[in-house]
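Please consider the structure shown below.

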Amino acid sequence: MAKAEPIRDKRQVRYIISELERDRSPIGINRYLLFMTGVFTGRRVSDIVSLRVRDVRGKDGFTFTEKKTGKKAEIYFPAKLKAAYDELLKDREPEEWVFLSDKTDRVDKMARHITTRTAYNYMKKIQAIAGIEGDTSVGTHTMRKTFGYTYYRETGDLAMLMSLFNHAEPSTTLIYIGIAADDRRKAARRVDSMYED
């Protein structure tokens, strides 16, 4: 299985957001908020799916412990994401999961949050909506990588991106967001031109 790639074209990201925003069904809202959260914050999907309404509604951000690393991390919500949370979650209970599953827990009969597998299925649907074909692999890491790729291209601030991702080495971050692959492609094109007349 190919590793997930970032969506490198900001226009395509904006198109996806506008298409997802139209579907106000429970699954449509989940897809929209999942994609928005992923591309606006760069958090891992395992941390995103376990958000509760109290964590996001009416807030600018909060501190949490990353599931993968066990490290403390802060998450801040850009204005568009905050507005989406406040609008779409206004009638929900604070203890509810943001990304409610249609399944309930067998023991306590409470609603569960969606799984990372369900989030992956959402991303495959988003891939179809965007018309992304060919060699580009879309998965749950696509959102995090898209955030990182766009942030780095817009700001060039590798140190801040490393901090946001909790990466120790610049090379790890550049490889992760696809910049290293972009640079290798550019180098190959330069080599072609070196041998032209």
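**A guided reading of the model**

Leu 34 touches Val 45, Ile 48, Val 49, Phe 99, Ala 119, Tyr 122 and Met 143, with residues up to four places away in sequence not counted; contact here means heavy atoms within 4.5 Å. The model is a predicted one, in which local features need pLDDT of at least 70, side-chain atom pairs count only at pLDDT 80 or more, and totals for chains, interfaces and linings use all residues. Residues are numbered from 1 along each chain as its sequence is written, and side-chain values use heavy atoms, with hydrogens and water left out.

Leu 34 lies in helix α2; helices (H or I, at least four residues) and strands (E, at least two) are DSSP runs, numbered from the N terminus. With a relative accessible area of 0%, Leu 34 is buried, where buried means under 20% relative accessible area, exposed over 50%, and partly exposed in between (1.4 Å probe, protein chains only). One of its contacts, Val 49, stands 15 residues from Leu 34 in sequence, with 7.8 Å between the two C-alpha atoms.

In soluble globular proteins, nonpolar side chains tend to be buried together.

Which residues does Met 143 touch, apart from those up to four places away in sequence? They are Leu 34, Phe 35, Gly 38, Val 39, Val 45 and Met 123. Met 143 is in helix α7 and, at 1% relative accessibility, counts as buried. Between Met 143 and Met 123 there are 20 residues of sequence separation and a C-alpha to C-alpha distance of 8.8 Å.

Thr 140 is placed in the loop between α6 and α7. Its relative accessible area is 16%, so Thr 140 is buried. Beyond neighbours within four places in sequence, Thr 140 is in contact with Val 45, Thr 116, Ala 119, Tyr 120 and Met 123.

The packing of helix pairs comes next. Helices α1 and α6 pack at an angle of about 110°, their axes 10 Å apart; axes are lines fitted to C-alpha atoms, for helices over the stretch in contact, and angles run from 0 to 180 degrees between N-to-C directions. The two helices α1 and α6 are therefore roughly perpendicular to each other, given that angles under 35 degrees count as roughly parallel, over 145 as roughly antiparallel, 65 to 115 as roughly perpendicular and the rest as oblique. From α1, Gln 12, Tyr 15, Ile 16, Glu 19 and Leu 20 make the contact, and from α6, Ile 126, Ile 129 and Ala 130. By class, this contact of α1 with α6 has six nonpolar, one polar and one charged residues; Ala, Val, Leu, Ile, Met, Phe, Trp, Tyr, Cys and Pro count as nonpolar, Asp, Glu, Lys and Arg as charged, and the others, Gly among them, as polar.

Helix α7 (residues 141–155) packs with helix α8 (residues 158–165) at an angle of about 160°, with axes 10 Å apart, and the pair α7 and α8 is therefore roughly antiparallel. On the α7 side, Arg 144, Phe 147, Gly 148, Tyr 151 and Tyr 152 meet Leu 158, Met 160, Leu 161, Leu 164 and Phe 165 in α8. The contact of α7 with α8 comprises eight nonpolar, one polar and one charged residues.

Two loop positions complete the reading. Asn 166, in the loop between α8 and α9 (170–176), has a positive phi of about 60° although it is not a glycine. Asn 166 is partly exposed, at a relative accessible area of 25%. Lys 90 is found in the loop between α5 and β3 (100–104) and counts as exposed at 54% relative accessibility. Leaving aside neighbours within four places in sequence, Lys 90 is in contact with Arg 57 and Tyr 85.
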